[in-house]
Amino acid sequence: MLVGNKSDLRHLRAVPTDEAKSFAEKNGLSFIETSALDSTNVETAFHNSLAEIYRIVSQRQLAGGQPETEFSHGTTIEPIKVLPTQQEARQTPCCQNI
């Protein structure tokens with residue numbers, strides 16, 4: 001999904017809407033413009049993203065396949081491993097004044 005933010009600042013637009021839509025279409029992305037200032041389309045952008053993720057995962061599960069690690073446009077996703085943190089290894093909190 002391509003999200004254009006700050007749609008409320010039309011006079012400072014760096015990318016025309018038509019150009020962004022065209023880019024999104026060429027790259028197989030959905031497109032939406034949002035404004036956090038006046039909450040235009042912010043919730044819709046999140047809902048659309050989650051719905052698309054759900055659709056893709058559901059299709060893969062129904063097909064019985066494993067989640068793919070490569071998108072159609074060649075971007076590879078590397079799985080990451082998160083190791084548990086150890087309390088003893090922690091330094092002083094980042095927000096504490098020294």
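Me: A salt bridge here is a side-chain nitrogen of Lys or Arg within 4 Å of a carboxyl oxygen of Asp or Glu. What makes arginine 55 and glutamate 52 such a pair?

Reply: The distance does. Their side chains meet at 2.5 Å, N to O. That is within 4 Å, so the pair counts as a salt bridge. The model is predicted: local features need pLDDT of at least 70, side-chain atom pairs count only at pLDDT 80 or more, and totals for chains, interfaces and linings use all residues. Residues are numbered from 1 along each chain as its sequence is written, and side-chain values use heavy atoms, with hydrogens and water left out.

Me: Why are arginine 55 and glutamate 52 called partly exposed?

Reply: Buried means under 20% relative accessible area, exposed means over 50%, and partly exposed lies in between (1.4 Å probe, protein chains only). Arginine 55 has 37%. Glutamate 52 has 36%. Both values lie between the cut-offs, so both residues are partly exposed.

Me: How many salt bridges does a search of the whole structure find?

Reply: Two. Besides the pair in α2, the side chains of glutamate 33 and arginine 13 meet at 2.6 Å, N to O.

Me: What does the pair of glutamate 33 and arginine 13 tie together?

Reply: Parts that are 20 residues apart in sequence. Glutamate 33 lies in strand β2, residues 31-33. Arginine 13 lies in the loop between β1 (2-4) and α1 (17-26).

Me: Is glutamate 33 buried or exposed, and how do you know?

Reply: Buried. Its relative accessibility is 18%, and that is under 20%, so the label holds.

Me: In what order do the elements of the protein chain run?

Reply: From the N terminus on, β-α-β-α. That gives two helices and two strands.

Me: What share of the protein chain counts as buried?

Reply: Of its 98 residues, 9%.

Me: What share of the contacts in the protein chain joins residues 24 or more positions apart?

Reply: Contact means heavy atoms within 4.5 Å. Of the contacts with a separation of 6 or more, 46% come from residues 24 or more positions apart.

Definitions and conventions
Helices (H or I, at least four residues) and strands (E, at least two) are DSSP runs, numbered from the N terminus.
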